[in-house]
Amino acid sequence: MKKVHFVGIGGIGLSALAKYLKQEGYEITGSDVKASKITAGLEEMGIPVRIPHDPACITDQDLVVFSAVIKPDNIELARAREKGMTIMPRREALLFILKNRRVFSVCGAHGKSTTSAMLASMVEGSLVIGAESKQYGSNMYYKEGNNVIFEADESDASFLNSNPYIAIVTNAEPEHMEYYNYDYDRFYGAYRHFLESAKIRVINAEDPFLSTLTELEADRLYPSRDISGIETVMCDGEPFTSFVLKDLGRFEVWGIGAHMALDASLAILASLHEMDVETAREKLKNYKGIKKRFDLLTKHENFALIDDYGHHPTEIKATLESATQYAALIGLKKVTAIWQPHKYSRTIDNLQSFVNCFEGVDQLVILPVWRAGEKEVFIDFEKEFARYSPLFPPRVYRKDDSIEIFPCEANQHIFDEGLVISFGAGDITYQLRGAM
């Protein structure tokens, strides 16, 4: 099987797999609905990408892989079925992509991209994640050999197909419950099976579910007991978190907040199965952050703009705490949050938590829900978030070192002072970066 076509190749997760197989010697083609920086990067690697979807793409490939957002009636999948080709969703394709690999598989509702990238800064191996590592400038870094650091996805249970050698679980907070038909036994059972399938397990044992898995042999991390002395230090204008892990001494990692210390500690414990602690301590300093995770887009004396992928209330709350701390460190007194809700189902399932997670912001801006293919559902944001007196523009605009919003024709708002941080997994990142 040497020719593989990816339908929906412009997605951050599918593009990483396409790049990985390209480096493994496969002949890769792909398609998507529109061009993007990701598709442009794929073509620079020598991967032809057809825009938009076109049945003519389907020629003599051995396998057609499609992303979760692709509908069954997609014209390329229809052509592939006519030709009797092998067709697989991404989750099933993982079985052959990661077969016979020594996989460091990282999953959890929050922090899996960050933990994966931290681990890749220490462990020698390829990196395949659903985000762009600033250290490598890509969502895929290829290294000859069997080791693969892989960001595993629980949203469709595809982490069960990741062939974990080491399984790292940051947390098991219920998320994507629509896939599991809101069956908590099924959801937690998937996590249990994922851990049981690995030779080595590293878990955050203060997670309510993971704490119950006492029968599993695992490196258990109890953050309140095992992580201490958390401090923020500035180095050349960049924020770092310094912390003490168990009896292993002090470590430093790029970023701010207790959640960064937690993610780094899980990565360290996994890396110690490969190297000594002093090597891990030094290599962790190679981690440079992830694009769209506390991503500082601009900063000057009176203004800072941060783009963050957080789209769950737990993520937003933790990141806002870091943003408030960072604002104080650089002398900014006002914090504005711009939130683009991601999916109606997630927003409704966690509505009260979303209301509470913005506590403490000086100004809240709420953009229209990023539907992600879902049908529109009415949510009374004005009523639910009334305590914040939020603004409701249709979008935001980046203009040099400021953000402009237009709630209505006669009421323009310009944010050019204080710290502005955005949250969302939709197109808000492009709005803030001034490119669509």
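Domain 2 (100-285) and domain 3 (295-433) both contribute residues to the lining of the largest cavity, so this cavity lies between them. The domain bounds come from an automatic or database domain assignment. This is a predicted model, in which local features need pLDDT of at least 70, side-chain atom pairs count only at pLDDT 80 or more, and totals for chains, interfaces and linings use all residues. Residues are numbered from 1 along each chain as its sequence is written, and side-chain values use heavy atoms, with hydrogens and water left out.

Stay with the cavity. On a 1 Å grid over the protein atoms alone, a cavity is a set of points where a 1.4 Å probe fits but cannot get out; a pocket is an open set with protein on both sides within 12 Å along at least five of seven lines; lining residues have an atom within 4 Å of a point. Grid points are joined across faces, edges and corners, and a volume is the space filled by probe spheres set on the points. The whole structure holds one cavity of 30 Å³ or more. The largest cavity has about 40 Å³ of space. Glu238, Pro239, Trp254, Phe294, Leu296, Ile306 and Tyr326 line it. Six of these count as nonpolar, none as polar and one as charged. Here Ala, Val, Leu, Ile, Met, Phe, Trp, Tyr, Cys and Pro are nonpolar, Asp, Glu, Lys and Arg are charged, and the others, Gly among them, are polar.

The second largest pocket has a volume of about 230 Å³. Its lining has 14 residues, and Leu367, Pro368, Val369, Ile379 and Phe381 lie nearest the pocket centre. By class, that lining has eleven nonpolar, no polar and three charged residues.

Domain 1 covers 3-92. The C-alpha centres of domain 1 and domain 3 are 33 Å apart. Five strands make an open, parallel sheet in the order 3-2-1-4-5. Strand 3 (49-50) and strand 5 (86-89) are at the edges with a single partner strand each, so one side of each has no neighbour in the sheet. Helices (H or I, at least four residues) and strands (E, at least two) are DSSP runs, numbered from the N terminus. Two strands pair if DSSP finds at least two bridges between them. Strand 1 (residues 3-7) and strand 2 (residues 27-31) pair in the parallel sense over five bridges. Phe6 has Gly30 in strand 2 as its bridge partner.

Move on to domain 2. Eleven of the eleven residues of helix 5 (residues 112-122) are buried, so this helix is largely enclosed by the rest of the structure. Buried means under 20% relative accessible area, exposed over 50%, partly exposed in between (1.4 Å probe, protein chains only). Further along, strand 13 (residues 227-235) and strand 14 (residues 238-245) pair in the antiparallel sense over seven bridges. Ile227 faces Leu245 in strand 14. The two strands form a hairpin with two residues between them, and Asp236 in the turn has a positive phi of about 55°.

Next comes a loop. Lys291 sits between helix 9 (277-283) and strand 16 (295-300). Lys291 counts as partly exposed, at 23% relative accessibility. Lys291 and Tyr309 are 18 residues apart in sequence and 8.7 Å apart in space, C-alpha to C-alpha.
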